[in-house]
Amino acid sequence: MGIGWESGLIVGLAEAGVDLRRADLVSGTSAGSVVGAELALGWDLEASLALLDSSWPQPDAPAEGPGGMELLMAELARAADGSSSPAELRRRLGRISVEAAPFPEEPYVGLYAGVSGQEWPAGYQCSAVDVETGEPQVWDAGSGVPLDRAVASSCSVPGIFPPVTIGGRRYMDGGMKTALNADLAAGHGAVVAVSCFALELPEGMSDPLADMLNAAVHAELDALRSSGAELEAVAPGPEFLELSGWGLALMDPSLTREAFAVGRRQAATEAERIAAVWEA
């Protein structure tokens, strides 16, 4: 759903006169790595949704004990008290990525066949995390990594998809660092950050896990602003939050095209404030 919504948002912004293809850096994490690659390659983002229409592999139900997604959420919730350092948490998530991998690696990488064999587009990068060390990794044209494997690693949510082997090491979703990795835009004067998750909870609502994850994202955004960057962040509006069940249904491919339409509609409400930064 994140791929659909982000694609619709970008298409809608372009229709409103805000062309994000002018970016000299496109940095993607997870769903953003797919959309970012397609944007940087100059593809038609609506037409590219056809790449998601094939059946995605579904993991077998675990014979016993909790599944990978349950393990992932339990680990994140356990870390919400702040007792774990970010690096320690990423290493524990890395163990889940390896031990709860629901199906083999190569069929998963095959899902990204649409970009297989494509040369790295100029100014594009995507993020992943080493499952063993917990160290963040940024892939770009100078990394010498096939584009499909880099994007697959950036999307490898622990417990849902298997880690991806690159250069003898294994990598998982870059969102295990932060959802945005907005710090990678440091040094750029105009930045548009797009989040598939709400950046604020409704007034009066508090959730320790959401507060922890959003605090890390806001720290990155605040650092960019402090560096002098003109920054606008776009987060899901009420329509997408309802469609995605506040993020719980984000992995449902049957809702991709509906998410695209929602993103396209939301762009009309975002275009004016984004243009103030992007077209300045």
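Let me begin with confidence. The chain has an average pLDDT of 91, and 94% of the residues score at least 70. The stretch to set aside is residues 58–65, where pLDDT stays under 50. For that stretch the model has four contacts beyond four places in sequence. Where pLDDT is low, the predicted coordinates should not be read in detail.

I turn now to helix packing. Two packed helices are described by the angle between their axes and the distance between the axes. Helix α1 spans residues 2–15, and helix α2 spans residues 31–41. Their axes come within 8 Å and cross at roughly 40°. That angle makes α1 oblique to α2, and the crossing is right-handed. Which residues of α1 meet α2? From α1 they are Gly2, Ile3, Glu6, Ser7 and Ile10; on the α2 side they meet Ala31, Gly32, Val34, Val35 and Leu39. The residues of this contact divide into six nonpolar, three polar and one charged.

Helix α1 also packs against helix α10, which covers residues 256–278. Here the axes come within 6 Å and again cross at roughly 40°. The pair α1 and α10 is therefore oblique, and this crossing too is right-handed. On α1, the residues in contact include Gly4, Trp5, Leu9 and Leu13. On α10, the partners include Phe260, Val262, Arg264, Glu270 and Ile274. Ser7 of α1 is among the residues that meet α10, and Ser7 is also listed in the contact with α2. By class, the contact of α1 with α10 has ten nonpolar, seven polar and three charged residues.

I close with two single residues. Leu25 lies in the loop between α1 and strand β1, the latter being residues 26–28. Is Leu25 buried or partly exposed? Its relative accessible area is 22%, so Leu25 counts as partly exposed. Leaving out residues up to four places away in sequence, Leu25 touches Gly123, Gln125, Leu184, Ala185 and His188. As for Ser244, this residue is 219 residues from Leu25 along the chain, and the two C-alpha atoms are separated by 28 Å.

The second residue is Asn214, found in helix α8, residues 208–226. With a relative accessible area of 13%, Asn214 is buried, because the value falls under 20%. With residues up to four places away in sequence again not counted, Asn214 touches Ala198, Leu199 and Glu200.

Note on methods:
Residues numbered from 1 in each chain as written. Predicted model: local features only at pLDDT ≥ 70, side-chain atom pairs only at ≥ 80, totals over all residues. Heavy atoms only, no water. pLDDT = per-residue confidence, 0-100. Contact = heavy atoms within 4.5 Å. Axes fitted to C-alpha atoms, helices over the stretch in contact; angles between N-to-C directions. Helix = DSSP H or I, 4+ residues; strand = E, 2+ residues; numbered from the N terminus. Parallel < 35°, antiparallel > 145°, perpendicular 65-115°, else oblique. Left-handed = near helix turned anticlockwise from the far one by under 90°. Nonpolar A, V, L, I, M, F, W, Y, C, P; charged D, E, K, R; others polar. Buried < 20%, exposed > 50% of the residue type's maximum accessible area, 1.4 Å probe, protein only.
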